[in-house]
Structure formats: C-alpha cells, structure tokens
Amino acid sequence: TQKSTESPVVANVTVDYTKELGNFSPYLFGNNSTGPQAAALGFKLTLSGGVPPMANPKDANDSSNYGFFAEMDRVIETTFNAGLEPMIMFSAPSPQQESESEAFFSQQYFEQFSLYVKKVATRLRDAKWPNNRKIKAIRFGNEPDFKFFFKGTQMDYFRSYENFAKALKSVDPNFIIDAPGFAIRQIDDEKSWIKDFLSYIDKKAYLDIFDVHVYSPSPNDFYNQFKSLKEELVKYPNLSNIYGAPTMASNEWNFLLEQSWSGKYHSQFDTSWHSSFTIAALINMIEQGVILSVPINLITPNSQDYGLVHEDGSGKPTYYAFKGFNQLADTKRLSTYGTDHMNFAAISGKSDNGVIVALSNYDIKTYWDIYKEPDPENAPSEIPSDYKNYKKYISEYGEPKVYNKYTLTLNNLPWSPSDKVTYERYIVDDNKKLELTET
C-alpha cells in the first residue's frame, strides 16, 4: 500500500464468491531467479536453460553446436528441483553487423537452423526431467525491433521466427511459444512491427503467446497496452494451435529501465512506490487477459537497483508484495470490482476454505512529482512517452483519484452464522513487511 497525501476518497471493492473466472495461469507468477528462494516466495515460472545461436551455422550436425547441453540440463534440473517451471529461451540468430544480414540469412542457413531447432527441441522433449516434469514454455528472441539485440532486417526476423516455430511444433505441437518480445509495444507507433509480424506469420506458423515489453510507471499504460493488443490478436483466431487466437504476455516489464541501462541507481525501486506500482500493473494486465508475466527483477543480492532484495539480502517492499500476491497462484479467480486502472487495483481468488483479496493503492501524480526524469515542464523536447500518456489520461478523465480508505464487500459467501470465520489483513509499505495488522 502507498500512502496518499490527498483528501480521503473511498475505493469500493466488491467480490462475488459464486462467480469464478477460472484458475490463475501459473505463468503469471514468473521471475528471473531459479533457486529455492524464488519458489519459497511463491513464484511458479522462471527464465531458465538458454539456447544459444549455432556455433557452426553451416552444419547443424556439427557436435560443436551442442556443447551447451550439459549446462542447459543442469540449470533446468535445478529449476525443476526448486519447484519452479523453466521457460526455455532460444536466441534469435543475428549477424554481427547489419550489413552482413543478406549473406547471413540464406536459404541454406534456414535449413540448418530448422534442423538445429529440431535437435534441441527433441532433447527438451525426451529428456528425463525431475519428477517426470515436462518442458512446455519456449521463448524465442528478445526485442528484435531493437538493433542492439538484432542486426537483421524486419523480414529477416519474420523468416527466422517462421522457421523456428515450424521446426519446434513439428517436434511437439504442445510446446507453448512466447514471442516476439517487441520493444516498441504501441501498435500505432510508426516504427511498430506488430501488425506486419502478425500479417506475415498468419497461415505460415503458429504463435501461442504474443509478447511485448512495457516500461512505464503508469498502471493505466499496462491496461491500455494489452487492450489494444487484444483487439488486434482477435483478428487471428487460428494463429495458435493451443489457444486459437494468441493470448498475451510480457516477459520483461517494470516502471523504468534499470541501472544497467540508465547508468544510475534509482532509489524508488527500494520503496513502496515500486511495490504498489508492481501489483497494480500486474492486476491491470490480468484484467486484459495476460497469462504470462516476468517482470525484471532478481532475488539474489546484487548492486542493481531492480533487485527484490538489498545487498545484505533483506527484502525490499516489492519482495513482500510478491510474497503476498503469489498466494493467489493456487486459487480460482473471482469476479472483483474496484480497479480504477490507474491508482487503485483489486483482485481476488478462492481457495478450498477461504478468499484472498489483493489490493494496491498508488498515486501516479505524486510519483511523477517526485521522480520524473527529465522534468517534462522544463525539457519539453524530452518528454517521455509515458508522461505524455499520463497527461492524455488527465485530459480525458481528469486527475486520477487518490485513495486512503477502502470498503470491501464479499457477496454470496458459503459460510453460515454459526461457522467460525477468521479475517486477517496484511500490509506492505515502507515499514511493514507483509505484516498482520488486523484480525
């Protein structure tokens, strides 16, 4: 919860115990750490077992291409043994320089690349993993629309994906493909690849989960991003052999680029500004139908600002926020009203003998007043797009409400007056670490 300095405004939350919305996808509870600490926090999915480009792209039968198998197997086994499901990442092939792309992406290359994918996929399918677990989630590439990661053309990536997806699904049609992880997420951006990509692969290859990366401190940006994406994806009702129309994901998101990209430590990652934002953004994504989420974070102590723990290993507020939110993983989602898609968010789940309600209270205006970089008022030529979106929101809906009180109504509960019912309220803020504050 994030404290507000505005006049009291009540957020009204209503949960209907009889209206189930299905199970929460386990892939909503994703992270970037593979150890037992991630499982102890309730995470279910993690990026694990990376597949590099071919060492010898001219010959997929060359054994040097598969020297990574031992390490890949070790990481996957460690992940399964920790109680997590690994999502395997195949790197998208790319030349060293953009000028080399025409020679690099030859028909011979794609033939060898397809064979390479089949060989790796066969190993993933047939290996005896701990507890008879199976590899299911497969990620392909990372931000191919960003030249830092992919030096080919747009069509080079489209053809690479087509060959990859066909090869992977030929080994096991039940593999779930998460791609492409575009950096430019807005469909109406003139540089966006989204429409062209969907048009190209339609009737050529399957895509199960369409993935974009989102960075913004505004939960409303997450809501609108996946609203527009969903409206585009329904135009392709047979693009996934598993879901029909592809469903949605973000395997990289946060409220700003972390220290490794910006070059400075952002102290707001250490506060409840980040924890309240994170849960609000995740709830807004879920409301639009997102089924896979892997925010940028790490649980191991490190000097990066986006870590969930301090260098001494103690948890930041977001560490405890996830510990609470992840308790929804094994529940059935219930109909919940009260989210305003900016400052307040609510979601709930039904377990065998109870109800879990997660609430997030945020204040986007005060966040911007404290942390905006650069100052949009004094450097208008450098106004970030997420701040522009915030101003657009105000022009359409007015200043977002700031809440410091809520009501919670649970309808159609199955318990009788004679039953003993326990109520517990836990809080995460800058001082409380998922602490029981009322019972």
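Author: The largest pocket holds about 1,400 Å³ of space. This is a predicted model, where local features need pLDDT of at least 70, side-chain atom pairs count only at pLDDT 80 or more, and totals for chains, interfaces and linings use all residues. Residues are numbered from 1 along each chain as its sequence is written, and side-chain values use heavy atoms, with hydrogens and water left out.

A pocket here is an open set of points on a 1 Å grid over the protein atoms alone, with protein on both sides within 12 Å along at least five of seven lines; lining residues have an atom within 4 Å of a point. Points are joined across faces, edges and corners, and the volume is the space filled by probe spheres set on them.

The lining of the largest pocket has 41 residues. Nearest its centre lie Val357, Ala358, Glu424, Arg425 and Tyr426. Two or more lining residues come from each of H9, H10, strand E14 (355–361), strand E15 (405–411) and strand E16 (425–428). These are DSSP runs, numbered from the N terminus: helices (H or I) have at least four residues, strands (E) at least two. E14 gives the most, with 7 residues.

By class, the lining of the largest pocket has 21 nonpolar, 14 polar and 6 charged residues. Ala, Val, Leu, Ile, Met, Phe, Trp, Tyr, Cys and Pro count as nonpolar, Asp, Glu, Lys and Arg as charged, and the others, Gly among them, as polar.

The second largest pocket holds about 900 Å³. Its lining has 31 residues. They divide into 15 nonpolar, 8 polar and 8 charged.

Definitions and conventions. 1 Å grid on protein atoms, 1.4 Å probe; cavity = no way out; pocket = protein on both sides within 12 Å on 5 of 7 lines; lining within 4 Å.
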